[in-house]
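Please open the model in your viewer and keep the sequence beside it. The tour below goes from one selection to the next.

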Amino acid sequence: MPPSSQFVCSTRARCSFSKPLKTMVVGAIVLGCICYVNIGGDGSKRKEPMFREIDVARDLPFDVNKDVFAPLNIPKTGTQVLVYYITHNSDIKPRCRFLKAKGFRCVSATNSTWLLGDSKKGSNCGSNSDWTELTECIEARFAENEGKTAQSSYRYITLLRDPVQRFISEFLRTKKIVKIADVNSCHGRLPSQLELPDCFDAARNLTLDWFLACRSNLAINRQTRMLADLRLVNCYNKTGMTEKERDRRLLESAKENLLKMSFFGLTDYQHLSQVVFEETFHVKFLSDFEEFNVTHARKAVISPSDLERIAKVNHNDVELYNFAKSLLMERARYMNLQ
């Protein structure tokens, strides 16, 4: 096996050589649809996910008369900012409009909605819908309101963020008595009080210890849960399987759904996310995304031991984020953007 090479899984059973890396491949195995290689130019070994060509290739020219952007808004990741850039700072025409009677609408010249968003018309599926709720809702709502069918192309998009920083950001927001309304339906119903007990009332005296300790705190591993198909773990009902098995299924499902999405970006890699979006949909932004190196979360005084605790509690999100980062870099390389 030659040095300084990487792999792209072209089938479920083999890997093919792709572009060079500044590391040495010392071994490779295939696990499901994802190749894993042990890489380390310094003799060390670590497991890096590698992907099939179908997972990294993205060429989906956006058609306002047929396609619909479906944002999956994970709180405190910046997905709403991405949507703002699409609606106010891109070359997609016609632009979105705010109508008093119908709310915020993005429609083509043929009156076809091209972005799923807040609307008094009822075509949105909730501002913070997770994968389960969004996919259950979207086609039924569009078929009911606009006569759209499964032939329409729904372009699911989202942003992910460093899990520790995202968690701190949500903690700070909750302390300001700004509680995120994020209890999503699953199989057509909301979780019961027994399935999802109240954690706390948003309060200024909320402590990080309290925020970390509540087992039903939806901020914990939020990105994994919101990207996973909750029906695979019986929604919010935690009986019938161990916590370890539930975590494993949620993480596996979140990774699979991330691979299916038309686009995802990383809040911590604004420019790279922008160019991958532009290359994927053949859309140009009129100005560049802004890099925010100093955020409220980064300015918060959190001890090293508490940072470790946050990472440990959000272990699924940490693994998902590392997976997503590898996938985004691979897509950028495939598009010759790096």
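Residues are numbered from 1 along each chain as its sequence is written, and side-chain values use heavy atoms, with hydrogens and water left out.

Begin by colouring the chain by pLDDT, the predictor's confidence in each residue, from 0 to 100. The protein chain averages 79, and 71% of the residues score at least 70. Now select residues 1-41, where the pLDDT is below 50. Residues 119-123 also stay under 50. Where pLDDT is low, the predicted coordinates should not be read in detail.

Next, select strand β10, residues 263-266; strands (E, at least two residues) and helices (H or I, at least four) are DSSP runs, numbered from the N terminus. F263 and G265 point one way and F264 and L266 the other, and all of them are buried, meaning under 20% relative accessible area with a 1.4 Å probe, protein chains only.

A pocket is an open set of points on a 1 Å grid over the protein atoms alone, with protein on both sides within 12 Å along at least five of seven lines, and lining residues have an atom within 4 Å of a point. Helix α7 (243-260) is among the helices that each supply at least two lining residues, and α7 gives the most, with four.

From there, select N316 in helix α11, which is buried, with a relative accessible area of 6%. Setting aside residues up to four places away in sequence, N316 touches N221, T224, D247 and L251, where contact means heavy atoms within 4.5 Å.

Finish at the second largest cavity, lined by C186, R189, L190, P191, E195, C235, Y236 and N237; a cavity is a set of grid points where a 1.4 Å probe fits but cannot get out.

Terms used: Predicted model: local features only at pLDDT ≥ 70, side-chain atom pairs only at ≥ 80, totals over all residues. Buried < 20%, exposed > 50% of the residue type's maximum accessible area, 1.4 Å probe, protein only.
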